Amino acid sequence: MILDVIVEDKKKRLKEQKKKISPEEMKALALDCERTSISFYDALAKEGLSIIGEFKKASPSMGQIRQTMELTDRIGEYNGSADAISCLTEEDHFSGNVDYFRQIREITPLPMIRKDFIIDPYQIYEAKVIGADCILLIAAILTDEQLKEYYQLADSLGMDVLMEVHDEEEMQRALKIKPRIIGVNNRNLRDFTISLENTKRLRPMVPEGTVFVSESGVTEDRHIAFLKECGVDALLIGGAFMLSEHPKELAQHWKNIYDGGSGNEQTLD
């Protein structure tokens, strides 16, 4: 399964990375970091629809993504329409790296999440060093003990956590930690099929006061209307924004639909 391959490749990458900067050095760098995180939670918890705009070069489902604009121009559009930014740092399957993250950090005032397959505390310390305000923890690849340990570590470093689940069993495991932000991935990470019904099905399990994020699969106006009915607080949008030549316009259009407005229908294949 592709998820297993991604995790194994990540383990290999980590071994090489630790040869360049030891775990002790990375931890020290994180603990010495004086940057105050921007609240990812607050950015998503406000009234109305919040949007996390994602930057990625590739994905297993889309392959290499045609870049419709320069990174600085894209982030400029995100700055004017999104509420937070997600940056892929996974190298082998998403063509990401921490350098992209650092570049974006320099040109955005928005809170940023490091989106990666985190399987080691090393990556959490590194997230702090590169300027992340939030990290992604994927229940499917972590034990209950790891979820708790990594959540607490991120919190101790002043970062938020987006806890990602895909089904009822993962949701139950995640809720034990009482996370402030829960994301439902509409994409099955084992076969990469997509269903927005995931969000609808799992929404009733999320406690009041927890920020609820729907991830992946949003490409059309009708998806926004459907997810509003599901009671989502925020959307993480990657492919649709990366393929759009006008992501700011698209984000504003979808927020308008969520708020009860109307406009010319926009769709993306």
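A salt bridge here is a side-chain nitrogen of Lys or Arg within 4 Å of a carboxyl oxygen of Asp or Glu. What you see above is a predicted model, where local features need pLDDT of at least 70, side-chain atom pairs count only at pLDDT 80 or more, and totals for chains, interfaces and linings use all residues. Residues are numbered from 1 along each chain as its sequence is written, and side-chain values use heavy atoms, with hydrogens and water left out.

By that rule the count is 20 salt bridges. I will take three of them.

One is Asp120 with Lys18, where the closest N and O atoms are 2.8 Å apart. Asp120 sits in the loop between strand 5 (112–115) and helix 6 (121–130), and Lys18 in helix 1 (residues 2–20), so the pair ties together parts 102 residues apart in sequence. Helices (H or I, at least four residues) and strands (E, at least two) are DSSP runs, numbered from the N terminus.

Now accessibility: buried means under 20% relative accessible area, exposed over 50%, and partly exposed in between, with a 1.4 Å probe and protein chains only. Asp120 is buried at 18%, while Lys18 is partly exposed at 26%.

Next, Asp133 and Arg35 form a salt bridge at 2.8 Å, N to O. This pair also links distant parts of the chain, 98 residues apart: Asp133 is in the loop between helix 6 and strand 6 (134–138), Arg35 in the loop between helix 2 (23–32) and helix 3 (40–45). Asp133 is buried, at 0%; Arg35 is partly exposed, at 27%.

Last, Glu169 and Arg173 pair at 4.0 Å, N to O. Both lie in helix 8 (residues 168–175), four residues apart, about one turn of the helix.
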